[in-house]
Amino acid sequence: MAMGSKVPVFQIVGYKNSGKTSLLSELIAYGTDEGDRIAAIKHHGHNEPLKVMHRDTDSFRLHESGAFMTGVDCSGRFQLELNHKPDFPLSRFIDLYGYFEPDLIVIEGFKQEPYPKAIVIKREEDLSLLNLSNIQFVITWNEKWTEDLTLPVYRLSDWRQSLPIVYPLTKRGEED
């Protein structure tokens, strides 16, 4: 993908323990097997703070000295740690990821963001997620709850078999 071109972004959202990470992991593995470079962003919506990647390292010392951003590079791998304000927009991370020219950026969580998304319905009360914007399809644990929807619906149990259909949908990006 050429620099400056728009990288497709796709979200998978749902409530805690609905299977988002497993679904996203399989989507990433499928896309990678197709030869695509996929970047992922995960929302940490828990109350406890993130754990520092590597305590007792030089980069940790630099971070603790006050650097708002530290990076460690070695052959073939780079790790970044960034402190930011709580209202730091997701779009800035997407811009940063775009610099590395992925074929697709997938996001777990960030329910209220406007990017194309799939929602995961694990419980009947999760149907409130249908009020979110830009839903492209639904992944359901129980077809009974979603049988009246006009959106495409995929059963969780059929997710792997659905990936050849679903993956191209995730790469469509936003309609202009």
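Below are questions and answers on selected residues of a predicted model. Local features need pLDDT of at least 70, side-chain atom pairs count only at pLDDT 80 or more, and totals for chains, interfaces and linings use all residues. Residues are numbered from 1 along each chain as its sequence is written, and side-chain values use heavy atoms, without hydrogens and water.

Me: Is Glu108 buried or exposed?
Reply: Glu108 is found in strand β5, residues 104-108 (strands are DSSP runs of E, at least two residues, and helices runs of H or I, at least four, numbered from the N terminus). Buried means under 20% relative accessible area, exposed over 50%, and partly exposed in between, with a 1.4 Å probe and protein chains only. The relative accessibility of Glu108 is 6%, so Glu108 counts as buried.

Me: Which residues does Glu108 touch, not counting residues up to four places away in sequence?
Reply: Contact means heavy atoms within 4.5 Å. With residues up to four places away in sequence left out, Glu108 touches Ile12, Lys20, Thr21, Leu24, Ile41, Lys42 and His43.

Me: What is the phi of Asn17 near?
Reply: Asn17 sits in the loop between β1 (9-13) and α1 (20-33), and counts as exposed because its relative accessibility is 57%. Most residues other than glycine have a negative phi. Asn17 is not glycine, yet its phi is positive, near 60°.

Me: Why does Asn134 count as partly exposed?
Reply: Asn134 is in the loop between β6 (117-121) and β7 (135-140). Asn134 also has a positive phi of about 60° without being a glycine. Asn134 counts as partly exposed because its relative accessibility is 29%.
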